[in-house]
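Here are some notes for a colleague to read beside the model. Please keep the sequence and the structure open while going through the points.

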Amino acid sequence: MLNIKIFGIVQGVGFRPFVKNLADDNKILGTVANRGSYVEIFAQGSDFDLKNFLHALQTKNPPRSAILKIDVNHLPDKNFPDFQIIESVHESGDIFVSPDISICDKCAEELFNPKNRRYLHPFINCTACGARLTIMKNMPYDRERTSMSDFPMCDACKAEYFDKNSRRFDAQPICCNDCGCEVYILGKNLRGHDAIKFARKILVSGGIVAIKGIGGFHLACDARNFNAVQRLRNSKIRPTKPFAVMFRNISAVKRECFLSDAEKLFLDSPQKPIVLLGTRNWELGTSIAENVAPNINKLGVLLPYTPLHMLIFDFPDEITDFPDALIMTSGNPSGVPITIDDDDALKNFDYCDAILSHNRKILLRADDSVMDFIENKPSMVRRSRGFAPLPFFYDSKNKKSVLAIGGELKNTFCLAKNNLFYISPYIGDVSDIRTVEVLEKSIKRMENLLEINPEAVACDLHPRYQTTALAEKISKELDVPLIKIQHHYAHILSCLAENNHHDEVIGVSFDGTGYGLDGTIWGGEFFICNEKNFERVASIKPFTQAGGDKSAREGWRIALNFINLDVARELHLADEKNLRGVKFLLDKNINCVRSTSVGRIFDAVSAILGICKISTYEGEAAMRLQAAAERSDKNFRAEFKDTDEIIEEILNRRLNGENIFDLARFFHESLAEMTAEIIFGLSEREKIKTAALSGGVFQNSLLSSLVMEKLRRRGLKILRHELIPPNDGGICIGQAIFAGEKIS
Ligand code: ZN
Ligand code: ZN
Ligand code: FE
């Protein structure tokens, strides 16, 4: 008998019926069950039939599914009478709270069918689609325990709800044009279709509309209209950070962006994440305004995922030239979680020309998920709506219940029980006290939903993180141990978690900022580790960060480590006063901290090359450096022993007038070569053949693929991230695993 575990997009896409049909076709006996983040199959048959079955599983999967990984194990045979689908509700112990799912094709068809009784109904849904996690109060998932409890069903909806043959049998958020929730314009007497028409009129004339969605408000405007986009930037105080664009359909996406088959599969999946796509604008021009995603070569793209989005694009009114691309950015004041209710919307969005809201309460925030691709495989940047709270499985003898608070930036938290690790939707940056409150409330809600009572609380080692303080408070309240985990070790553990890997690895953690065991800033670390402990065996060469928080945003401050004042002046790194000021701090070791952060090295090189001296959002300098490197078609084979040498060489070449795109490329290649050499050295010394790559820097697809190529060529096994972000949005699961091991 084979035990087959299939990971990927296998939820809500008809995967189990598909497996049953294949099993029947191939005379296979056994079962298939939904296990949260994967589908588990027990398959029994002749070797020949099993081989065909496995092959068909991997080649004929249903249209909206995507298989990322298949684990196959041999087990002794059992007595199966036939092949059965096991319903997840019948399983004991593990709870599967469904993520929110985008509108399905059948509902979309009904939405625009004038003969259907839900024609143009902004909340149309069925058992295969609609809001889930964000409207749930408690388990089990029944209408009384959701936001829909405010709305009694009409007789027609009730009939469908109780009809076993209906697509809406047991569909908790069911409603129609005669019952349920409705949309309206806040502060105006416009409801239902009038409200949608009003919002369309404002959008087409270049205005800004706040739109309440599944997991919070969006801010929308015409993505082709430079002035509208600029007004949104000025109002939101967001000078350059890229905005996501919602396109009306795939063909509009293709007009503006490159789209591979793998990217298309995720873009159009039931999860409907924002996918970062290469733009055509450097070659072919674009109708998207240039201030939507300035200075980078990628655009965050998503498709309509609620009936309301579809109605905004396609409502049959007199407007004929409605844009097919709208900015769709999270509606929140900067540094604060996404807005979810009308009172806050009125306060926060006073600059909007209209607020299109609705009366279905959002109980848990869920920002849009963001996904990039590396070597044609997904690389999650922000895991939230559509994916959370699907659990990850990490096979361990300890099955303890744990709460891990996560990090300070890009915060998510993790609840674990029975080897299942549930990562929350995105919370955000917890440096603001309002975010701490949201984090605490969200933890309570998820504990309640998943019925988890933590036996330990885990958090980062950083003494001044708000998350550390909150973890201390919660652990006292619950009277359970508090366990602190070094930041970069947690990154590596998150990578081991995603790969369900247990043996020792060489962990490479390249990152922005994290608190090291010795009180300095770490972020360019090489570990020998497993889930129980770690040893820091190497790091990049330390340098000095001068000027506190500013040194994390202003790469020229880091660059001054490597160059003298004369050269800094020649490169116009900063004005004279600032240059002298920082040099003074560095010389006298005032307000300085030692650092091995690779993120900061990217900032320094970006500044030296004149690409970005000051970041206006996190990661800007590094993203622009990568974008520059991707404009070079040169190949370099350069070997350096450390980052000091690499930067010195780049500086010399820059002063010789070499092309900055080539030098950006040169930096990536040199850093990749240096990294790979360190890994090879460790691999030989320690006899370890597996390397795990994690930390925010590995979001950089160019660096990642250069490093992976080199490792592969030398026969090393690589563990990388796909569905858990390599950035701080992923560390909660690493913390949870370590804490679970520690208390068992
Ligand atoms: Zn549906
Ligand atoms: Zn109804
Ligand atoms: Fe980090």
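1. Basis of the note. This is a predicted model, in which local features need pLDDT of at least 70 and side-chain atom pairs count only at pLDDT 80 or more, while totals for chains, interfaces and linings use all residues. Residues are numbered from 1 along each chain as its sequence is written, chains are lettered from A and ligands numbered from 1 in the order in which they are written, and side-chain values use heavy atoms, with hydrogens and water left out.

2. The zinc site. Cys-104, Cys-107, Cys-126 and Cys-129 coordinate the zinc ion (ligand 1) through their SG atoms at 2.3 Å, where donors are N, O and S atoms within 2.8 Å of the metal (3.2 Å for Na, K and Ca), and sites may look incomplete since water is not among the atoms. The spacing of these donor residues in sequence is C-x2-C-x18-C-x2-C. The site is tetrahedral, its 4 donor atoms making angles of 104 to 115 degrees (for four donors, the term requires all angles to lie between 85 and 135 degrees). Cys-126 and Cys-129 are both buried, that is, under 20% relative accessible area with a 1.4 Å probe and protein chains only.

3. Because His-491 belongs to helix α14 (residues 487–498) and Asp-511 to strand β23 (residues 505–515), the pair ties together parts that are 20 residues apart in sequence; helices (H or I, at least four residues) and strands (E, at least two) are DSSP runs numbered from the N terminus. Both His-491 and Asp-511 are buried.

4. Two helix residues. Leu-706, in helix α22 (residues 701–713), is buried, with a relative accessible area of 8%. Setting aside neighbours within four places in sequence, Leu-706 is in contact (heavy atoms within 4.5 Å) with Arg-665, His-668, Glu-669 and Ala-672. Glu-673, in helix α21 (residues 660–686), is likewise buried, at 12%.

5. The sheet. An open sheet of 11 strands shows mixed pairing, two strands being paired if DSSP finds at least two bridges between them. Its edge strands are β7 (190–191) and β16 (377–382). Strands β6 (residues 183–185) and β14 (residues 354–358) pair in the antiparallel sense over 3 bridges, and Val-183 has His-358 in β14 as its bridge partner.

Technical notes
Buried means under 20% relative accessible area, exposed over 50%, partly exposed in between (1.4 Å probe, protein chains only). Four donors count as tetrahedral if all angles lie between 85 and 135 degrees; four count as square planar and six as octahedral if opposite donors are over 155 degrees apart and all others between 65 and 115; anything else is irregular.
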